[in-house]
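Hi everyone, thanks for making time this morning. Let me put the sequence and the model up on the screen, and then we can walk through them together.

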Amino acid sequence: MANSAENVQVIQRGRHLGAEIQGINLTQPVDDLTFKVIKDVFVEHELIVFQDQPITSEQQIGFAKKFGELSVHPFSPNSDETPELIIFDNDADNPPFGTDCWHSDETFRAEPPKATMLHGLIIPEVGGDTMFASMTSAYEGLSDRMKNFISGLECIHDFKPFRALFNNDEKGKADLRYFEDRYPTITHPVVRKHPVSGKPVLFVNPQFSIRIKGMSEVESRNLLDQLFEQAKIPEFQYRHCWDVDTVVIWDNRSTQHYAVHDYFPQRRKLNRVTIKGGKVLPYTDAADTRSVHNNKSPLPDSPKVKHGGHVPKRQLERELEKVKT
Ligand SMILES: [Fe+2]
């Protein structure tokens, strides 16, 4: 059956991010009207999952191109014929490298990717999930005082984990200089404005963000460590358990991810394509400083707060209660 907008079914999978789209067959063409529906779901839910899609790499590239122009990663494994296709094929002889760390893809670029798409080909029997965090919700989860404090700050990003790929000999040093010239450290706003939704997004990650501009090293380290913690809060996460022929595409502008490295030495193979993004724009609206309310929990002194039936009890009261019952 041909794909059509009316057949798109959306099932929310995570509270703050993640939705599964059913009723679409990615081995078949996706017309513009149907794609518009998919793209709206992508922006709203920040991550979409398609199950049971036995697509070829050409079909994956073709579908990804509907989201925009593809980009070529300067360090990841790819082939000369299709450089935009990254093949993650890890096993006992080729352990996974550098993705078990919270990050948005390639924020060391002046224009980091808009989106990343993975297609599962060989999935370990146990493990190998990918965790995702909504950085829109992570930002919302900050107190308003913190939102105000980080408003207008900028952070320097660097391709630091990939520096380990260069040897310490003359060739290695020359190669490193070549990449440093092509990808110099770059400054992005700490809070970016999503170009489609307009929402504020916390845009620092432990893989590539190295220093807050205008702060001492200790201040910068402390603040970054605190902001990095936001992605680790389970309430802002969605954990994806892979199956063969699952396709996942995430909004790299508003999410972070962490590839759980618990499957070694089992084999895991995923094909990735990456969609180019644009300049990172700052979010400039100031937050309300009057409260410290956040979206993870209501204010502790609010009369509306319930504690799931929990109340403090003194030991004596407990004993009396036991006697009564
Ligand atoms: Fe990644």
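In strand 12, glutamine 237 is the bridge partner of alanine 133. Before I build on that, some ground rules. This is a predicted model, where local features need pLDDT of at least 70, side-chain atom pairs count only at pLDDT 80 or more, and totals for chains, interfaces and linings use all residues. Residues are numbered from 1 along each chain as its sequence is written. Helices (H or I, at least four residues) and strands (E, at least two) are DSSP runs, numbered from the N terminus. Two strands pair if DSSP finds at least two bridges between them.

Back to our strands. Strand 6, residues 130-134, pairs with strand 12 in the antiparallel sense over 4 bridges. They belong to an open sheet of 3 strands in the order 12-6-14, with antiparallel pairing. Strand 12 (237-240) and strand 14 (255-259) each have a single partner strand, so one side of each has no neighbour in the sheet. On average, neighbouring strands here are turned by 20° against each other, direction ignored; axes are lines fitted to C-alpha atoms, for helices over the stretch in contact, and angles run from 0 to 180 degrees between N-to-C directions.

Let's look at strand 15. Strand 5 (residues 115-122) and strand 15 (residues 268-275) pair in the antiparallel sense over 7 bridges. Within that pairing, histidine 119 stands opposite asparagine 271, and alanine 115 has isoleucine 275 as its bridge partner. Strand 4 also pairs with strand 15 in the antiparallel sense, over 6 bridges, with isoleucine 86 partnered by arginine 272.

How many of the 8 residues of strand 15 are buried? The count is 7, so strand 15 is largely enclosed by the rest of the structure. Buried means that 20 or more other C-beta atoms, placed from the backbone, lie within 10 Å of the residue's own.

Finally, helix 5, residues 170-182. Its 13 residues reach 19 Å from first C-alpha to last, close to the 18 Å expected at 1.5 Å a residue; that expected span is 1.5 Å times one less than the number of residues. Helix 5 is hardly covered, with a count of 0 buried residues.

Note on methods: Buried ≥ 20, exposed ≤ 12 C-beta atoms within 10 Å, placed from the backbone.
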